[in-house]
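Reader: I'd like to learn how to read a single residue in its wider setting. Could you walk me through one?

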Amino acid sequence: LRERLLRFYPAELRARGVDGNATVRMRLSPGGRLSRLRLVTETTAGFGQACLDMLEESSGTWDDVHDRDGNVVATTVSFTCTFSLRF
């Protein structure tokens, strides 16, 4: 994940040494597909779009979510992307 975050790190913010984060709400469907991505917060303009772009690229690679009976279900989740040059 670190490499993916670095790849999507906004170039201008990286050049200025700015760290920050963004939180996105999204729907996780069976098959690991993401939809209904919506930016909730970002500490600095640019991190939100970078987080959205990174998550959109990862659609289809997420693990399925199961209910108590073991059935694959869709769910809404929040995900925070933390962009830091000092990992």
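Predicted model: local features only at pLDDT ≥ 70, side-chain atom pairs only at ≥ 80, totals over all residues.

Reader: Does Thr76 count as buried, exposed or partly exposed, and why?

Author: The general idea is a pair of cut-offs: under 20% relative accessible area is buried, over 50% is exposed, and partly exposed lies in between. Thr76 counts as partly exposed because its relative accessibility is 37%. Across the protein chain, buried residues make up 32% of the 87 residues.

Reader: Which residues is Thr76 in contact with, beyond its neighbours within four places in sequence?

Author: Contact here asks for heavy atoms within 4.5 Å. With those neighbours set aside, Thr76 is in contact with Arg25, Met26 and Arg27. With Arg27 there is also a polar contact, side chain to side chain, at 3.2 Å.

Reader: What share of the contacts in the protein chain joins residues at least 24 apart?

Author: Taking contacts between residues at least 6 apart in sequence, 68% join residues at least 24 apart. A separate distance to look at is that from Thr76 to Leu37: these residues are 39 apart along the chain, and their C-alpha atoms are separated by 9.7 Å.

Reader: And what does the C-alpha trace span along its principal axes?

Author: The trace of the protein chain spans about 50 × 20 × 20 Å.

Technical notes: Residues numbered from 1 in each chain as written. Heavy atoms only, no water. Buried < 20%, exposed > 50% of the residue type's maximum accessible area, 1.4 Å probe, protein only. Polar contact = N/O pair within 3.5 Å; in protein donor to acceptor, adjacent residues only side chain to side chain.
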